[in-house]
Amino acid sequence: MTSIELFKTNVDDSGAAQCLIGLLQQNFPYCRITIDLHDCDKVLRLEGTRIENSLVKELVNRNGFLCSELE
């Protein structure tokens, strides 16, 4: 079953966004991943199966960015 998970981040440039998307894609190869740099919450969106929210937050945090789940 496909799910959509949304996260608030502080990623603010396209280079960092592409780097993070590549890293997340390695861990979640069956997901479509985007970061909306134009949104005030810099929304990270994962669409797919087997999304582990805690791992998403850990990977983003480990790379120096804030990440929290959006309600």
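Predicted model: local features only at pLDDT ≥ 70, side-chain atom pairs only at ≥ 80, totals over all residues.
Strand β1, residues 3–9, runs antiparallel to strand β3, residues 43–48, and five bridges join the two. On β3 there is also pairing with strand β2, residues 32–36, again antiparallel and over five bridges. Within that pairing, I33 stands opposite L46, and R32 stands opposite E47.

The whole sheet can now be described. It is open, has four strands in the order β2-β3-β1-β4, and its pairing is antiparallel. Strands β2 and β4, the latter being residues 67–69, are the edges, since each pairs on one side only. From one strand to the next, the twist averages 25°.

Two helices pack on this sheet. Helix α1 touches β2 and β3, and its direction makes about 155° with that of β2. Helix α2 touches β1, β3 and β4, and its direction makes about 160° with that of β4.

The helices also meet each other. Two packed helices are described by the angle between their axes and the distance between the axes. Here the axes of α1, residues 14–27, and α2, residues 53–62, come within 11 Å and cross at roughly 145°. The crossing of α1 past α2 is right-handed. On the α1 side the contact is made by L20, L23, L24 and N27, and on the α2 side by L55, V56, L59 and V60. Sorted by class, this contact has seven nonpolar residues, one polar residue and no charged residues.

Is N53 buried or exposed? Its relative accessibility is 16%, so N53 counts as buried. Leaving aside neighbours within four places in sequence, N53 is in contact with E5, F7 and E69.

The last topic is charge. Side chains of opposite charge can pair when their charged atoms come close. The structure holds five salt bridges. One of them is between K8 and D41, whose closest N and O atoms are 3.7 Å apart. K8 lies in strand β1 and D41 in the loop between β2 and β3, so this pair ties together parts that are 33 residues apart in sequence. K8 is partly exposed, at 40% relative accessibility, and D41 is also partly exposed, at 21%.

Another salt bridge joins E47 and R32, with 3.8 Å between the closest N and O atoms. E47 is partly exposed, with a relative accessible area of 25%, whereas R32 is exposed, at 53%.

The side chains of E69 and K57 form a salt bridge too, at 3.0 Å from N to O. This pair links strand β4, where E69 lies, to helix α2, where K57 lies, and so ties together parts that are twelve residues apart in sequence. E69 is partly exposed, at 36% relative accessible area, and K57 is partly exposed, at 25% relative accessibility. Finally, salt bridges that share partners join R32, R45 and E47 into one network.

Notes:
Residues numbered from 1 in each chain as written. Heavy atoms only, no water. Pairing = 2+ DSSP bridges. Axes fitted to C-alpha atoms, helices over the stretch in contact; angles between N-to-C directions. Left-handed = near helix turned anticlockwise from the far one by under 90°. Contact = heavy atoms within 4.5 Å. Nonpolar A, V, L, I, M, F, W, Y, C, P; charged D, E, K, R; others polar. Buried < 20%, exposed > 50% of the residue type's maximum accessible area, 1.4 Å probe, protein only. Salt bridge = Lys/Arg side-chain N within 4 Å of Asp/Glu carboxyl O.
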